[in-house]
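Have a look at the structure first, and then we'll go through it piece by piece.

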Protein chains: 2
Amino acid sequence: MRLAVIGPGLIGRSVTLAARRADPGTHVIEIDRGGALDAARGADLIVLATPVQVILEIISLQSDILRSSVTLDTGSTKRAVLSAARAAGLNHFVGGHPMAGAATAGPADARADLFYGRPFFLVPTGADAIALEFARKFVESLGARPVVMADDGREHDQVMAAVSHLPQVVAAALMAVCAEAAGSRLDWAGAGLRDMTRLAASPASTWQSILDSNADYVAPLLRAMAERLEAVADGLGDGHSVAKLLETANRARAIL
Amino acid sequence: MRLAVIGPGLIGRSVTLAARRADPGTHVIEIDRGGALDAARGADLIVLATPVQVILEIISLQSDILRSSVTLDTGSTKRAVLSAARAAGLNHFVGGHPMAGAATAGPADARADLFYGRPFFLVPTGADAIALEFARKFVESLGARPVVMADDGREHDQVMAAVSHLPQVVAAALMAVCAEAAGSRLDWAGAGLRDMTRLAASPASTWQSILDSNADYVAPLLRAMAERLEAVADGLGDGHSVAKLLETANRARAIL
């Protein structure tokens with residue numbers, strides 16, 4: 001198989017390593033996100049592993065390169081990507097999102113087993129059945145657990161807004177508020193704050209495009225979160241308001 | 001030395017273990033938080049290691065037991081405790097707070113080296129110099145790094161509101177909002193959400209009293225956090241609003 005990986009960061013490089021491990025005969029071409037995409041032309045499979053914004057640019061500006069290959073992207077949101085692929089008339093394009101990796105990691109952290117046992121969402125809206133089957137088998141060969149979703153990325157984006165995008169913004173806002181309030185005493189923080197703000201080290205530009213592409217699902221959750229915090233602020237000192245929230249959270253956390 | 005530890009949970013039991021390791025001749029009496037405190041009478045040092053609410057009750061209802069001993073508490077907030085101690089006329093009472101341990105841990109997790117190298121705040125407002133010196137030497141003997149604060153607990157409580165109490169409420173609110181929004185898909189969450197909601201497993205009743213006793217410092221931070229989230233919600237999609245917050249957070253996180 002001839003595989004082209006565009007954007008060899010943590011995810012892209014790990015795709016390369018895992019594909020080679022699955023089939024040592026795989027011929028892989030890695031192309032940096034700024035590189036000339038012509039080398040990908042004619043590949044059996046093109047994997048777009050750049051940030052969402054760059055995936056959208058490639059689809060809209062260089063769709064001719066993708067047209068005759070099965071194309072799988074790994075972007076963090078799916079509706080915008082699938083809508084761009086449909087607008088470009090790409091009918092071998094399968095939307096994908098592996099639940100693996102960490103936002104702060106780079107190609108040096110890539111591993112052949114990064115996807116092992118992890119969900120790999122596949123959203124085949126607009127793709128023909130052969131492309132989906134090809135993508136599904138490829139994802140399985142990486143060791144991932146393919147999860148095919150029949151809508152156009154709505155459920156994926158909605159759930160990611162809750163379990164990934166909201167936590168990202170909350171981590172950043174918490175870090176900013178804490179740093180401002182604690183000043184030079186920030187080093188008094190214990191493991192709790194460190195755990196809670198790990199995501200705040202993620203690169204800003206990547207997240208701006210993820211969040212912008214999922215604004216309609218993320219914004220209401222940010223407002224719901226703000227309302228909860230305001231309600232606790234209003235009730236503090238009454239001896240029970242926080243306990244109720246904490247009990248709800250205790251139960252949910254036990255499920256998680 | 002005769003040491004009485006009231007409330008042998010993670011902190012209290014670790015005080016026992018560390019004190020015995022420092023001086024094997026130490027005679028320790030451990031008393032459960034509901035137990036008869038009379039056994040503590042006449043100890044050289046009484047350590048109150050119960051939740052804040054119980055510390056306040058002991059000071060106000062059984063101050064006669066504490067009167068002739070140096071008393072050190074380990075409560076998470078200091079102003080309310082010191083104010084109660086002053087009201088009870090205790091002049092060998094030193095407020096304390098070790099930055100060690102985890103809210104979900106119990107006596108089974110106690111360790112002689114729990115305090116080793118960690119800050120142990122001491123707020124001696126209203127205590128005589130001999131009591132402070134005694135408490136400071138004791139805390140050093142546990143392996144902790146005493147940090148004496150000259151105010152009546154204000155700076156301690158203000159910094160803790162930022163680095164400990166705000167993160168606690170945020171973790172609980174995030175867990176509740178995510179669980180509601182993700183429903184049965186909550187298991188799609190990755191390491192990020194898990195890290196951010198670890199604190200949400202903390203016991204509700206303990207935190208209710210911590211937060212109530214620091215409401216005036218915690219509430220404005222909750223509102224500041226809510227405002228930040230609302231501002232992100234308003235700006236989402238504009239291509240730059242989140243990046244600014246994330247860059248601020250990147251810098252603060254690098255310092256942390």
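Two strands are said to pair if DSSP finds at least two bridges between them. With that in hand, take strand S3 (residues 45-48) of chain A and strand S4 (residues 70-73) of chain A: they pair in the parallel sense over four bridges. Look across from A:Ile46 and you'll find A:Thr71, its bridge partner in S4(A). Keep in mind throughout that this is a predicted model.

**The sheet in chain A**

Zooming out, chain A has an open sheet of seven strands in the order S2-S1-S3-S4-S5-S6-S7, and the pairing is mixed. At the edges stand strand S2 (27-31) and strand S7 (145-148) of chain A; each has a single partner strand, so one side of each is left without a neighbour in the sheet. From one strand to the next, the twist averages 25 degrees. Helix H4 (residues 79-87) of chain A packs on this sheet and touches S4, strand S5 (93-98) and strand S6 (119-123) of chain A. The direction of H4(A) makes about 165 degrees with that of S5(A).

S5(A) and S6(A) run antiparallel and are joined by four bridges, with A:Gly96 standing opposite A:Leu122 of S6(A). On to S7(A): S6(A) pairs with it in the parallel sense, again over four bridges, and A:Phe120 has A:Pro146 as its bridge partner there. Together, S6(A), helix H5 (residues 129-141) of chain A and S7(A) make a right-handed β-α-β unit.

How many of the five residues of S6(A) are buried? Five of the five are, so the strand is largely enclosed by the rest of the structure. Both of its faces are covered: A:Pro119, A:Phe121 and A:Val123 lie on one side, A:Phe120 and A:Leu122 on the other, and all are buried.

**A glycine in S5**

A:Gly95 is worth a click. This residue lies in strand S5 of chain A. With buried meaning under 20% relative accessible area, A:Gly95 counts as buried because its relative accessibility is 0%. Setting aside neighbours within four places in sequence, the contacts of A:Gly95 include A:Leu72 and A:Asp73, A:Lys78 and A:Leu82, and also A:Phe121, A:Leu122 and A:Val123. If you want a sense of scale, the C-alpha atoms of A:Gly95 and A:Ala233 are separated by 42 Å, and these two residues are 138 residues apart along the chain.

**The sheet in chain B**

Over in chain B, seven strands form an open sheet with mixed pairing, ordered S2-S1-S3-S4-S5-S6-S7. Strand S2 (27-31) and S7 of chain B are the edge strands; each has a single partner strand, so one side of each lacks a neighbour in the sheet. The twist here averages 25 degrees from one strand to the next. Helix H1 (residues 10-22) of chain B packs on the sheet, touching strand S1 (2-6), S2, strand S3 (45-48) and S5 of chain B, and its direction makes about 165 degrees with that of S1(B).

| Strand pair | Sense | Bridges | Example of facing residues |
|---|---|---|---|
| S5(B) and S6(B) | antiparallel | four bridges | B:His97 and B:Phe121 |
| S6(B) and S7(B) | parallel | four bridges | B:Phe121 and B:Val147 |

The chain gets from S6(B) to S7(B) through helix H5 (residues 129-141) of chain B, in a β-α-β crossover that is right-handed. Five of the five residues of S6 (residues 119-123) of chain B are buried, so this strand is largely enclosed by the rest of the structure. B:Pro119, B:Phe121 and B:Val123 point one way, while B:Phe120 and B:Leu122 point the other way.

**Putting the chains together**

How are the two copies related? A rotation of 180 degrees with 0.0 Å of shift along its axis superposes chain A on chain B, with an RMSD of 0.1 Å. The copies are thus related as by a two-fold rotation axis. The same surface serves both, as 100% of the contact residues of chain A recur in chain B.

The largest nonpolar core has 152 residues, and those with the most contacts inside it are A:Ile59, A:Met225, A:Leu229, B:Ile59, B:Met225 and B:Leu229. A:Leu229 reaches across to chain B, where the residues it touches include B:Val169, B:Leu222, B:Met225 and B:Leu229.

Technical notes:
Residues are numbered from 1 along each chain as its sequence is written. Chains are lettered from A and ligands numbered from 1 in the order in which they are written. This is a predicted model: local features need pLDDT of at least 70, side-chain atom pairs count only at pLDDT 80 or more; totals for chains, interfaces and linings use all residues. Side-chain values use heavy atoms; hydrogens and water are left out. Buried means under 20% relative accessible area, exposed over 50%, partly exposed in between (1.4 Å probe, protein chains only). Helices (H or I, at least four residues) and strands (E, at least two) are DSSP runs, numbered from the N terminus. A crossover is right-handed if, with the strands pointing away from the viewer, the path from the first strand over the helix to the second runs clockwise. Axes are lines fitted to C-alpha atoms, for helices over the stretch in contact, and angles run from 0 to 180 degrees between N-to-C directions. Contact means heavy atoms within 4.5 Å. A nonpolar core is a set of buried Ala, Val, Leu, Ile, Met, Phe, Trp, Tyr and Cys residues joined through side-chain atoms within 4.5 Å. Copies are superposed by least squares on the C-alpha atoms of residues with pLDDT of at least 70 in both.
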